[in-house]
Amino acid sequence: MKHLKSLNKKAHLINQAVSPEDVEDVVAMQTVVGCTATTDPGWELDPFGGLGSLCQPMESDLYGCADACWWPAQVPDTMNSYPDWGEGVAKADKDWRKLDGIFEDGE
Amino acid sequence: MKLNTLVKSSLLAPMGIAALMSAAPASADQEYLLTVTRPGQLHVIDMATNKVERSCDIPGKFGSGSIALAPNGKTAYVLSNMTEDVYGISIQNCDITFHVAQSEGNIRVKSVQSITVSTDGTELYTVQNPVRHLPDRFEILEPKLAVYKIADGMGAKPVRSFPVERRITKIAATETGEVILGGGDVTAINTQTGAVRMVTALQNWDRGPLWAPPDAFAMHSQGEQTNEYLMPYSTAKFEDESMNMETAQWWWGMSRVNLTTGEAERMETVPFQFIVFNFLTDPRDSNILYGSFNTLSKHDISKHETLIVHEMPHTYYNLNISGDGKTIYVGGTSSDISIHDSETLDKIGSIQLSGDMTTSDLRVATIRD
């Protein structure tokens, strides 16, 4: 990393985050906020290093991340692998509780 | 989605002559706001009453909700079925008059937002991203611009195709016979010869070491009221070659393509102070832009000033505007379209839909007879 120079704020923050003295700060965030631990697509920093410019609430952004295969690690990829994930849930902000996780082999 | 990785016929009678007359006393033009919601409906909203006129079922699983308009405003072409198929749907009676299934055999073809219609209404263009599914691997094939004749109707097949760059999202047809391609750079392809020219360099721009490479975003198409294609970007100008982020000037900028001429202007617009997903030009004044995301904002780019910032109750990806420039419609993400006065940005109404718009376009179809 020492030969690379970050060009934007986010990259700069990533550089800071990988420094050993900052690791403790991250580990210290032990409180799970809502369902962010499993499905929140906005669990990152915005370009200003804060959270205010992330999509709000996450339910508004849920299908936007899934349908466009934008955030496939956090939400199922409805463009290719799991097109039926949102079946019966036309409004994520109303019925997000019905959106289940993905369980391989029908488990 | 994230920004960091950084859109007149006899059948008018059943639509309601009364509404038509009350809508536009000085003109017979009728504007309809179009969008797509989950699980698969195209909504046609009368912009005179702000009521859903009809909802048309779209075959196939939800795509991305990308919409391209016929020049006469009567047909909406919608990307559906996991972004593999295009359906042409009459906004006057929901009849499906056109269908393209891009995937065939073991080759799966996706289009990422990229559909548009020629200005004479005879051809539909898509950018195709094909992948061959083999028993043991996926084989990534070269992307291409595919040309379809709309008169071929259901089951249309490409009549021409040309190689294009990867990473192309929203596209738009010009009156000069080209298609603007929004990708790493903004380019234009001749739809007869396949020749590609640079319109505005983005990933390849060279403004010297004091300018950070632009972070551009091309997800939605909404320039029909001004006949333009707008590609926003963000960048930073450093004070010196130390590239100090703290003292850099952060800017919003845009490449704005005139779809009549195919020519573009590129400029820094206003300071980069908050996130905007999509910008829109006021049809009355090209110096006035509106932007949507967690806020609805108004900007005067001649003064590099943000004039008004209106906080929104949730994120809205997209926006569009009435032909007279007085009313702004903000949509995308959830199931409500928020309506605002363009002078004050005050909220003046809302339209509730049956499902989430997610990534869908918010487009205005104008029927002129």
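How many of the nine residues of helix H3 (residues 58-66) of chain A are buried? Nine of the nine are buried, and H3(A) is mostly covered. A residue is buried if 20 or more other C-beta atoms lie within 10 Å of its own, exposed if 12 or fewer, and partly exposed in between, with C-beta atoms placed from the backbone. Helices (H or I, at least four residues) and strands (E, at least two) are DSSP runs, numbered from the N terminus.

This is a predicted model, in which local features need pLDDT of at least 70, side-chain atom pairs count only at pLDDT 80 or more, and totals for chains, interfaces and linings use all residues. Residues are numbered from 1 along each chain as its sequence is written, while chains are lettered from A and ligands numbered from 1 in the order in which they are written.

**Chain A**

The buried residues of H3(A) include Met58(A), Leu62(A), Tyr63(A) and Cys65(A), and also Glu59(A) and Asp61(A). Part of their cover comes from helix H4 (92-95) of chain A.

The pLDDT, the predictor's confidence in each residue from 0 to 100, averages 73 in chain A, where 69% of the residues score at least 70. The pLDDT is below 50 over residues 25-39 of chain A, a stretch with seven contacts in the model beyond near neighbours in sequence. Two residues are in contact if their C-beta atoms, placed from the backbone, lie within 7 Å.

**Chain B overall**

Chain B has two helices and 30 strands. Its radius of gyration is 20 Å, close to the 21 Å that the globule rule gives for 369 residues, so chain B is as compact as a globular protein of that length. The radius is taken over C-alpha atoms, and the rule is 2.2 Å times the number of residues to the power 0.38. Along the principal axes, the C-alpha atoms of chain B fill a box of roughly 65 × 55 × 35 Å. Of the 369 residues in chain B, 51% are buried.

**Cores**

A nonpolar core is a set of buried Ala, Val, Leu, Ile, Met, Phe, Trp, Tyr and Cys residues joined through C-beta atoms within 7 Å. The largest one has 88 residues, and those that touch the most other members include Leu34(B), Tyr77(B), Val179(B) and Ile180(B). Strand E19 (residues 228-237) of chain B gives this core its largest share, five residues. A second, separate core has 12 residues, among them Cys55(A), Met58(A), Leu62(A) and Val75(A). In soluble globular proteins, nonpolar side chains tend to be buried together.

Apart from neighbours within four places in sequence, the contacts of Ile180(B) include Ile171(B), Val186(B), Tyr229(B) and Val257(B).

Thr187(B) lies in strand E16 (residues 186-190) of chain B. Thr187(B) counts as buried because it has 21 C-beta neighbours inside 10 Å. With neighbours within four places again set aside, Thr187(B) is in contact with Leu181(B), Val196(B), Arg197(B), Met198(B) and Val199(B).

**Strand pairing in chain B**

Two strands pair if DSSP finds at least two bridges between them. Strand E10 (residues 123-133) of chain B takes part in the antiparallel pairs tabulated here.

| Partner of E10(B) | Bridges | Facing residues |
|---|---|---|
| E8(B), residues 107-110 | four | Val109(B) and Pro130(B) |
| E9(B), residues 115-117 | three | Thr116(B) and Tyr125(B) |
| E11(B), residues 138-140 | three | Arg132(B) and Glu139(B) |
| E12(B), residues 144-149 | six | Tyr125(B) and Val147(B) |

E10(B) forms a hairpin with E11(B), with four residues between them. In the hairpin of E9(B) and E10(B), five residues lie between the strands, and Gly121(B) takes a positive phi near 75°.

An open sheet of four strands in chain B has the order E18-E19-E20-E21, with antiparallel pairing. Its edge strands, E18 (215-216) and E21 (264-271) of chain B, each pair on one side only. E19(B) and strand E20 (residues 249-258) of chain B are joined by 10 bridges, and Met231(B) stands opposite Ser255(B) in E20(B).

**Contact between the chains**

The contact takes 28 residues from chain A and 27 residues from chain B. On the chain B side, 14 residues are polar, nine nonpolar and four charged. Here Ala, Val, Leu, Ile, Met, Phe, Trp, Tyr, Cys and Pro count as nonpolar, Asp, Glu, Lys and Arg as charged, and the others, Gly among them, as polar.
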